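Thanks for making time this morning. I would like to walk you through one structure slowly, for those who have not come across it before.

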Amino acid sequence: METRIDEIADGIYRLSTCVPDIAPPAGFTFNQFLVLGDEPLLFHTGPRRMFPLVRDAVARLLPPERLRWITFGHYEADECGSMNEWLAVAPQAEIAHGQTGCLVSLNDMADRAPRILADGETIDLGGGRRVRYLDTPHIPHGWDAGVLYEEASGTLLCGDLFTQLGDGPALTEGDIVGPAIAAEDMFGYSSLNPGMGTTIRRLAGLAPRRLALMHGPSYAGDGAAALTALADDYDRRAGAALAEAGIG
Ligand SMILES: [Fe+2]
Ligand SMILES: [Fe+2]
């Protein structure tokens, strides 16, 4: 396996490793995003066993010990499996995550105490970059779930939202909603709930110009339209599930 590096927005790098054994023959990508700045930030660490690959990829962009912020969507191996390896490599690094994740998992599992981010709180990375943390509980899964929005480039680091199979281009202007619906049909990875559409439409309100997918290509274009279409599909799924249960 090798890790590809592509700049998907000004100063935001996608580190992408395809694992061909997952969902063959298409394979499945694991992407981390490095946001440069005076205080460089990593969104997703990758699984613990992938740490050497991700560390070496980061080292092609900056000395790994310079990493300042370790962030991710929720507590799960591919999101944060190597957080403690990163804390060991980068002495100034802090994990930053929402309140639920810190209280439920990270205060115990992380080797250094995390910084708790309130919904809507920002971190100034310097160099004109600022990230905003947004709580998205249970969306697409994990009650500690959240996303980051990099304001200067209009990039939504959207984690598992829009998950798709395959090892496509680093950046696409093509359809990302259809492949996401197909992957949801295959994996059933979302905690389907009636609030999904509302929460995803709130992200559409940011009008992002880039969507950085953890599993799939990054998207350049009308992020609000893509998020709204995804929200509509989850409303359809939730409505169908309720109707099947005789509730809707
Ligand atoms: Fe996940
Ligand atoms: Fe993931």
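I will begin with a strand and its neighbours, and then turn to a helix.

Please keep in mind throughout that what you see is a predicted model. Let us start with strand β6, which spans residues 94–98. Four of its five residues are buried, so β6 is largely enclosed by the rest of the structure.

Now to its partners. Strand β5, residues 69–71, runs parallel to β6 and is joined to it by two bridges, and if you look for tryptophan 69, you will find it opposite glutamate 94 in β6. Strand β7, residues 115–117, also pairs with β6 in the parallel sense, here over three bridges, with histidine 97 standing opposite isoleucine 116 in β7. To get from β6 to β7, the chain passes through helix α4, residues 99–109, and this β-α-β crossover is right-handed.

Let me move on to helix α1, which covers residues 51–59. Which residues of α1 are buried? They are Val54, Ala57 and Val58, and because they cover an arc of only 100° around the axis, they lie on the same side of α1. As a reminder, an α-helix has 3.6 residues a turn, so residues three or four places apart point the same way.

As for what that side meets, the buried residues of α1 pack against β1 (3–9), β2 (12–19) and β3 (28–35). On the face turned away from the buried side, by contrast, α1 carries Pro52 and Ala59, which are exposed.

Technical notes: Residues are numbered from 1 along each chain as its sequence is written. Chains are lettered from A and ligands numbered from 1 in the order in which they are written. This is a predicted model: local features need pLDDT of at least 70, side-chain atom pairs count only at pLDDT 80 or more; totals for chains, interfaces and linings use all residues. A residue is buried if 20 or more other C-beta atoms lie within 10 Å of its own, exposed if 12 or fewer, and partly exposed in between; C-beta atoms are placed from the backbone. Two strands pair if DSSP finds at least two bridges between them. A crossover is right-handed if, with the strands pointing away from the viewer, the path from the first strand over the helix to the second runs clockwise. The arc is that of the directions from the helix axis to the C-beta atoms. Two residues are in contact if their C-beta atoms, placed from the backbone, lie within 7 Å.
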